[in-house]
Amino acid sequence: MPQPLNYLKETPSQTAGPYVHIGLAPRAAGFDIYDTELGFDPMPDDVPGPRIRVTGCVFDGMGAPVRDVLIEVWQADAAGLYPDQPGAAAGFRHWARVVPDFDTGQFTLDTVLPGAVPGPRGRMQAPHLSLWLVARGINTGLQTRMYFADQDNAADPVLSLIEQPHRRDTLIARGADGHYHFDIHLQGDKETVFLDV
């Protein structure tokens, strides 16, 4: 006779579904329930470092904008420090939530240009943003990075792991003078490189 289970069975895996914004970005979903929404104001005006604006769009495998994606951004400050390190920029949250315009699918992030950070075995990582995406049809959040075309990316240990040079380009934001554009492609010929972390 089988032994009875003293716990509930695990439910099947589910995508983020239509409720991701209600839970993580309620104002974007039309619910003005918090005075300050987490992640939508990543820095006060006095945080040191060059200001940048990143625009872009997330596209599905058919080339259509994914209008209901939620992107979390994690980054070092302009000095290349994270919040748990001495000397990190006071008041800078080091992360943000980005929700695209529900009509166009275009997103905008205003932040500071991150500094280079130490990587594995002491190798320096080029300035980058770490991105995590959730949306309809994505069972597990997707992790990727965004590098800057006008920074020195040649020795970055993560970029160098990507064997095909043309695939590295899917992680490079184009632009200059503090304005960058970065599109993310979930599938297809231009598919962005996603990281297994």
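Predicted model: local features only at pLDDT ≥ 70, side-chain atom pairs only at ≥ 80, totals over all residues.
Residues are numbered from 1 along each chain as its sequence is written, and side-chain values use heavy atoms, with hydrogens and water left out.

**View 1. The largest cavity has a lining of 11 nonpolar residues.**
Rolling a probe the size of a water molecule over the atoms shows where empty space is left. Here that search runs on a 1 Å grid over the protein atoms alone, and a cavity is a set of points where a 1.4 Å probe fits but cannot get out. Points are joined across faces, edges and corners, and the volume is the space filled by probe spheres set on them. The count comes to 1 cavity of 30 Å³ or more. Its lining residues (those with an atom within 4 Å of a point) include Val54, Phe107, Met146 and Ile184. S2, S4 and strand S7 (128-134) are the elements that give two or more residues to this lining; strands are DSSP runs of E, at least two residues long, and helices are runs of H or I, at least four, all numbered from the N terminus. No polar and no charged residues take part, where nonpolar covers Ala, Val, Leu, Ile, Met, Phe, Trp, Tyr, Cys and Pro, charged covers Asp, Glu, Lys and Arg, and polar is everything else, Gly among them.

A pocket, unlike a cavity, is an open set of points, with protein on both sides within 12 Å along at least five of seven lines. Look for Asp169, Ile172, His181 and Lys190, which are among the residues lining this one. The lining splits into 3 nonpolar, 4 polar and 4 charged residues. Strand S9 (residues 172-176) gives the most, with 3 residues.

**View 2. Aspartate 169 and arginine 174 meet in a salt bridge.**
Side chains of opposite charge can pair when their charged atoms come close. To count as a salt bridge, a side-chain nitrogen of Lys or Arg must be within 4 Å of a carboxyl oxygen of Asp or Glu. The structure holds 3 of these, and in this one N and O are 3.8 Å apart. Both partners also line the second largest pocket. Aspartate 169 is partly exposed at 43% relative accessibility, and arginine 174 is partly exposed at 44% (buried is under 20%, exposed over 50%, partly exposed in between, with a 1.4 Å probe and protein chains only).

**View 3. Arginine 97 pairs with glutamate 72 in a salt bridge between buried residues.**
The closest N and O atoms are 2.8 Å apart. Arginine 97 sits in strand S3 (residues 95-98) and glutamate 72 in strand S2 (residues 70-74), 25 residues apart. Relative accessibility is 14% for arginine 97 and 9% for glutamate 72.

**View 4. Aspartate 110 and arginine 53 form a salt bridge at 2.7 Å, N to O.**
Aspartate 110 belongs to strand S4 (residues 106-112) and arginine 53 to strand S1 (residues 51-59), so the pair ties together parts that are 57 residues apart in sequence. Aspartate 110 is partly exposed, at 35%, and arginine 53 is partly exposed, at 36%.
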